[in-house]
Each structure stands twice: as structure tokens, then as C-alpha cells.
Amino acid sequence: MTRAWPLAACACCIGLAACGFAVEAPDDFLLTRTGQGTKLTLLVNDAGTIRCDGGKVRQITSSMLISARDLVTNLDNDAKAGLKIPQSAGSVYRYTIRMQDGTISFPDTAAVKHTELAPAEQYALQALAGPCRSLNR
């Protein structure tokens with residue numbers, strides 16, 4: 001009987017491992033850019049993927065994933081405060097970023113005074129040049 005217990009425990013563990021656990025990584029943020037031209041949406045997931053304009057899931061580089069995580073960290077206080085900067089003269093685009101702790105909204109000219117917003121604009125451009133380049137914008 002003492003030998004059966006370890007075998008049964010081992011069989012149980014193997015059975016559980018074979019079932020697999022479908023654990024999904026959370027989304028880091030949803031970035032929406034509106035303004036001149038076509039609307040752009042980027043859904044960045046912490047598993048290292050991006051969905052461009054609701055299209056298929058695409059892999060991002062490790063540096064883009066690190067940038068996405070940094071963006072969330074650096075904008076967390078603004079998101080908690082619900083930062084909303086009004087549209088200003090001379091702006092071309094408006095950005096809205098929805099994160100776990102809240103949503104921020106700002107025009108592309110706001111990064112002059114709020115430097116923490118510039119990486120969000122840069123991330124959108126980096127995505128368009130990389131994994132979302134087939135969007136041709």
C-alpha cells in the first residue's frame with residue numbers, strides 16, 4: 001500500500017499537467033488615435049502581442065513589450081486621475097489610452113508640457129512601422 005500512494009500521486013500530477021491551464025496574460029493598454037486620416041487602435045497584451053485595428057494578433061519584439069510595460073507604469077498616476085487634456089489649436093491627432101487603472105485622453109500637442117505622454121505617441125508610430133506596418137498609414 002505504501003508504494004501505491006506515490007504512484008497514484010504521480011499519475012494525478014501527470015493527468016493535471018496534460019490537461020493544461022489556459023492562463024491568459026492581461027492586456028496592457030488599448031491605445032486609440034483619432035484625427036486626420038483613419039482611426040488607429042492598438043491593443044497590447046502582456047504576452048507580447050498586439051492587435052492592430054481589430055485585426056489578427058501579431059507578435060511584438062521584447063523591446064516593444066518592455067516599452068509597453070514602461071508606458072503603463074509611467075502613465076499610471078495620470079490614468080488614476082483620469083487625465084483629460086482638451087484639444088488645442090494646431091493638433092492633428094487625439095490619443096486615448098485605456099488601462100487597468102483608468103483612461104487618459106490628450107491631443108498630440110500635449111507632450112510639450114506633459115513629457116510622460118510622448119512615449120505613447122512614439123509607441124503608436126513604432127507599431128505602425130513594425131507589427132502594424134501592413135496598415136499603410
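This is a walk through a predicted protein model, from its overall layout to a few individual residues.

Residue numbers start from 1 along each chain as its sequence is written, and side-chain values use heavy atoms, with hydrogens and water left out. As the model is predicted, local features need a pLDDT of at least 70 and side-chain atom pairs count only at pLDDT 80 or more, while totals for chains, interfaces and linings use all residues.

Let's begin with the layout. The protein contains 3 helices and 6 strands, taken from DSSP runs (H or I of at least four residues for helices, E of at least two for strands) and numbered from the N terminus. Along the sequence they are arranged as α-β-β-β-β-α-β-β-α.

How confident is the predictor? The average pLDDT, a per-residue confidence from 0 to 100, is 87 for the protein, and 82% of the residues score at least 70. Strand 6 has the highest mean among the elements, 98, whereas helix 1 (residues 4-19) has the lowest, 46. Over residues 6-18 the pLDDT is below 50, and this stretch has 1 contact in the model beyond near neighbours in sequence. A contact here means heavy atoms within 4.5 Å. Where pLDDT is low, the predicted coordinates should not be read in detail.

Now for the surface and the interior. Of the 137 residues, 35% count as buried, meaning under 20% relative accessible area, as against over 50% for exposed and in between for partly exposed.

In soluble globular proteins, nonpolar side chains tend to be buried together. Here the largest nonpolar core has 30 residues, and Phe29, Leu42, Ile50, Ile97, Phe106 and Leu117 touch the most other members. Such a core is a set of buried Ala, Val, Leu, Ile, Met, Phe, Trp, Tyr and Cys residues joined through side-chain atoms within 4.5 Å. Elements that each supply at least two of its residues include strand 1 (27-35), strand 5 (93-99) and helix 3 (118-129). Helix 2 gives the largest share, 6 residues. Take Ile97 as a guide: leaving aside neighbours within four places in sequence, its contacts include Phe29, Leu75, Phe106 and Ala120.

What links distant parts of the chain? The pair Cys52, in strand 3, and Cys132, in the segment after helix 3, does this across 80 residues. These two cysteines form a disulfide (sulfur atoms within 2.5 Å), with their sulfur atoms 1.8 Å apart. The link is left-handed, with -60 degrees about the S-S bond, and both Cys52 and Cys132 are buried.

Two more residues make a handy contrast. Ser105, in strand 6, is buried because its relative accessible area is 9%. Its side chain joins that of Arg94 through a polar contact of 3.0 Å; the rule asks for a pair of N or O atoms within 3.5 Å, where within protein one must be able to donate a hydrogen and the other to accept it, and residues adjacent in sequence count only if both atoms are side-chain atoms. Gln122, by contrast, lies in helix 3 and is exposed because its relative accessible area is 54%.

How values were computed: Buried < 20%, exposed > 50% of the residue type's maximum accessible area, 1.4 Å probe, protein only. pLDDT = per-residue confidence, 0-100.
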